[in-house]
Amino acid sequence: MSGLNTSIIEKLDENDRDKIEYFAKLLLNQSKYKKIKNEIEKRRKEIEKDEILSHNDIWKGMNA
């Protein structure tokens, strides 16, 4: 399906239009937050490998 024809949506009853709107919002939110989701996954892997900085490590780096 290359595009959603709005005339098809207009022929649906209101309840079905609401369902399409709901699922469209879900899809948009998934792609919208994909970047941050990937960042969280990356950070989890770093934490599992104990590749983290402590508060003191950050301050030491700033004072060096």
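Reply: Gladly! Let's begin with charge: the protein has 14 positive and 13 negative charges, and their mean positions lie 4 Å apart. Lys and Arg count as positive and Asp and Glu as negative, while His and the chain ends are not counted. Each charge is placed at NZ of Lys, CZ of Arg, CG of Asp or CD of Glu. This is a predicted model, where local features need pLDDT of at least 70, side-chain atom pairs count only at pLDDT 80 or more, and totals for chains, interfaces and linings use all residues. Residues are numbered from 1 along each chain as its sequence is written, and side-chain values use heavy atoms, with hydrogens and water left out.

Me: How many helices and strands does the protein have?

Reply: There are four helices and zero strands, in the order α-α-α-α from the N terminus. Both kinds are DSSP runs numbered from the N terminus: helices are H or I with at least four residues, strands E with at least two.

Me: What makes the protein more spread out than a compact globule?

Reply: Its radius of gyration is 22 Å, well over the 11 Å that the globule rule gives for 64 residues, so the protein is more spread out than a compact globule. The radius is taken over C-alpha atoms, and the rule is 2.2 Å times the number of residues to the power 0.38. The C-alpha trace spans about 65 × 25 × 25 Å along its principal axes.

Me: Why does Glu46 count as buried?

Reply: Buried means under 20% relative accessible area, exposed over 50%, and partly exposed in between (1.4 Å probe, protein chains only). Glu46 has 19% relative accessibility, so it counts as buried. This residue belongs to helix α3 (residues 34-48). Buried residues make up 2% of the 64 residues.

Me: And why are Glu41 and Asp50 labelled as they are?

Reply: Glu41, also in helix α3, has 35% relative accessibility and therefore counts as partly exposed. Asp50, in the loop between α3 and α4 (55-63), has a relative accessible area of 58%, so it is exposed. Asp50 also has a positive phi of about 60° although it is not a glycine.

Me: How do you know that the pair of Tyr22 and Phe23 is edge-to-face?

Reply: Rings of Phe, Tyr and Trp (its six-membered ring) pair if their centres lie within 6.5 Å; planes under 30 degrees apart count as stacked, over 60 as edge-to-face and the rest as tilted. That rule gives one aromatic pair. The ring centres of Tyr22 and Phe23 are 5.1 Å apart and their planes stand at 75°, so the pair is edge-to-face.
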